[in-house]
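Please read the following report alongside the sequence and the coordinates. It begins with the chain as a whole and then turns to one residue and its surroundings.

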Amino acid sequence: MGVAFMAAGGVRAARHRAYGAADLAALAAASRAVEGPESACRRAAEVAEGWGARLSSCAVRGMVADVEATVTVRLPDPFGSLRFVSRARAGPQGQEGVS
């Protein structure tokens with residue numbers, strides 16, 4: 001029972017880590033968009049790694065950054081592992097939000 005609760009806590013923490021990593025990576029990429037997509041995505045990858053995630057994808061169009069961060073958590077045997085993928089978009093806000 002204790003192992004199940006610990007595994008559930010680890011899964012929940014990994015999911016939140018994926019969300020946070022994607023959000024902050026998108027903000028980091030958008031803040032560097034003027035330097036070009038390569039520089040922006042490189043910074044986004046650094047931020048995602050700082051959160052224990054891997055940047056799965058990064059696209060910068062104009063001043064808007066779209067990123068995807070992945071966090072993998074190992075579960076006790078025989079369950080293997082789970083992968084959480086979170087997407088985020090950041091950029092200047094217009095009347096309808098970030099375009």
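Predicted model: local features only at pLDDT ≥ 70, side-chain atom pairs only at ≥ 80, totals over all residues.

Residues are numbered from 1 along each chain as its sequence is written, and side-chain values use heavy atoms, with hydrogens and water left out.

The secondary structure comprises two helices and five strands, taken as DSSP runs (helices H or I, at least four residues; strands E, at least two) numbered from the N terminus. Of the 99 residues of the chain, 35% count as buried, that is, under 20% relative accessible area with a 1.4 Å probe and protein chains only.

Strand 2 (residues 64-74) contains Asp66. Ten bridges join strand 2 to strand 3 (residues 81-90), and the two run antiparallel; strands pair if DSSP finds at least two bridges between them. Glu68 stands opposite Arg87 in strand 3. The two strands form a hairpin with six residues between them, and Gly80 in the turn has a positive phi of about 85 degrees.

Asp66 counts as buried because its relative accessibility is 18%. Its side chain makes the polar contacts tabulated here (N or O atoms within 3.5 Å, one able to donate a hydrogen and the other to accept it; residues adjacent in sequence count only if both atoms are side-chain atoms).

| Side-chain pair | Polar contact |
|---|---|
| Asp66 and Arg61 | 3.0 Å |
| Asp66 and Arg89 | 2.6 Å |

Not counting residues up to four places away in sequence, Asp66 touches Ser57, Cys58, Ala59, Arg61, Ala88 and Arg89, where contact means heavy atoms within 4.5 Å.

Key. Buried < 20%, exposed > 50% of the residue type's maximum accessible area, 1.4 Å probe, protein only.
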